[in-house]
Amino acid sequence: MRWHESTWTRIGRMDRGTPVVIPLGSIEQHGPHLPLAVDTIQVEAIADRLEHRLGDRALFLPTQWLGSSHHHMDFTGTISLRPSLYGQLVQELARCVLAHGFTRVLFLNGHGGNEAPATAALSELVATDDRADRACIAFSSWWKAGRDALAPERHGMTTPSISHACEYETSLLMALRPE
């Protein structure tokens with residue numbers, strides 16, 4: 001169920017043990033052949049498919065397109081938050097969900113540069129906020145959660161694992177957006 005397409009009263013009636021999924025993307029270069037929003041498009045598509053399968057058994061926030069991508073600022077079009085500010089954004093998203101009584105939060109990541117600042121921020125949040133300490137807060141990048149399904153021998157890939165703008169990301173984007 002999409003958080004942002006629900007009413008506040010419907011969310012208010014939900015079981016507070018319902019998992020809340022927060023997809024995280026970015027806007028940055030992906031070689032000369034892919035759009036800047038690759039990470040956002042991909043994680044949003046994965047979250048959409050999960051939402052379709054899970055229905056009311058999980059709540060999905062809108063995909064956060066703003067990521068921590070300063071290592072790509074030399075490439076025109078990159079939009080980024082400093083790692084410290086990105087960490088604050090992640091903490092505030094978690095605090096909002098926790099403030100409404102939800103106790104199971106998954107940050108579903110779509111950009112490698114988000115990993116370090118987000119996991120550090122969530123560790124700090126758990127250490128300093130009793131609600132966060134009592135909750136189950138998880139962070140995973142989609143390529144790590146789906147590692148077994150992405151084994152190169154299953155798909156005829158030559159790249160041993162996903163890397164930036166590689167054949168995996170290119171193939172996935174071609175499947176999602178053939179144009």
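## Buried residues and helix 4

A residue counts as buried when its relative accessible area is under 20%. Keep that cut-off in mind as we explore this structure, which is a predicted model. In helix 4, the buried residues are Glu115, Pro117, Ala118, Ala121, Leu122 and Leu125. Glu115 falls in this group because its relative accessible area is 19%, and buried means under 20%.

What lies over these residues? The cover on the buried residues of helix 4 includes helix 3 (83-99), strand 3, helix 5 (130-134), strand 4 (136-141) and helix 6. Helix 4 itself has 14 residues, and from its first C-alpha to its last it reaches 20 Å, close to the 20 Å expected at 1.5 Å a residue.

Four of them form an open sheet, in the order 2-1-3-4, and the pairing is parallel. Strand 2 and strand 4 stand at the edges with a single partner strand each, so one side of each has no neighbour in the sheet. In general, the strands of a sheet pair through backbone hydrogen bonds.

Going through the pairs, strand 1 is joined to strand 2 (residues 59-60) by two bridges, and here Val20 has Leu59 as its bridge partner. Five bridges join strand 1 to strand 3 (residues 104-109), with Ile22 standing opposite Phe107. Strand 3 and strand 4 pair over six bridges, again in the parallel sense, and Arg104 stands opposite Cys136 in strand 4.

## A closer look at strand 1

Is strand 1 (residues 20-24) mostly covered or mostly open? Mostly covered: five of its five residues are buried. Val20, Ile22 and Leu24 point one way, while Val21 and Pro23 point the other way, and all are buried.

Strand 1 also takes part in a right-handed β-α-β unit, together with helix 2 (residues 38-54) and strand 2.

## Helices against the sheet

Helix 4 lies across strand 3 and strand 4, and runs at about 170° to strand 4.

## Salt bridges

How many salt bridges does the structure hold? There are seven. One of them pairs Glu115 with Lys144, at 3.2 Å from N to O. This pair links distant parts of the chain, since Glu115 is in helix 4 (residues 115-128) and Lys144 is in helix 6 (residues 142-145), 29 residues apart. Glu115 is buried, whereas Lys144 is partly exposed, with a relative accessible area of 41%. Elsewhere, salt bridges that share partners join Arg2, Glu5, Asp48 and Glu51 into one network.

Glu5 is exposed, with a relative accessible area of 57%, while Arg2 is partly exposed at 28%. The side chain of Arg2 also meets that of Asp48 in a salt bridge, at 3.5 Å from N to O. Asp48 and Arg2 link distant parts of the chain: Asp48 sits in helix 2 and Arg2 in the segment before helix 1 (8-13), 46 residues apart. Asp48 is partly exposed, with a relative accessible area of 33%.

Notes
Residues are numbered from 1 along each chain as its sequence is written. This is a predicted model: local features need pLDDT of at least 70, side-chain atom pairs count only at pLDDT 80 or more; totals for chains, interfaces and linings use all residues. Side-chain values use heavy atoms; hydrogens and water are left out. Buried means under 20% relative accessible area, exposed over 50%, partly exposed in between (1.4 Å probe, protein chains only). Helices (H or I, at least four residues) and strands (E, at least two) are DSSP runs, numbered from the N terminus. Two strands pair if DSSP finds at least two bridges between them. A crossover is right-handed if, with the strands pointing away from the viewer, the path from the first strand over the helix to the second runs clockwise. A salt bridge is a side-chain nitrogen of Lys or Arg within 4 Å of a carboxyl oxygen of Asp or Glu. The expected span of a helix is 1.5 Å times one less than its number of residues. Contact means heavy atoms within 4.5 Å. Axes are lines fitted to C-alpha atoms, for helices over the stretch in contact, and angles run from 0 to 180 degrees between N-to-C directions.
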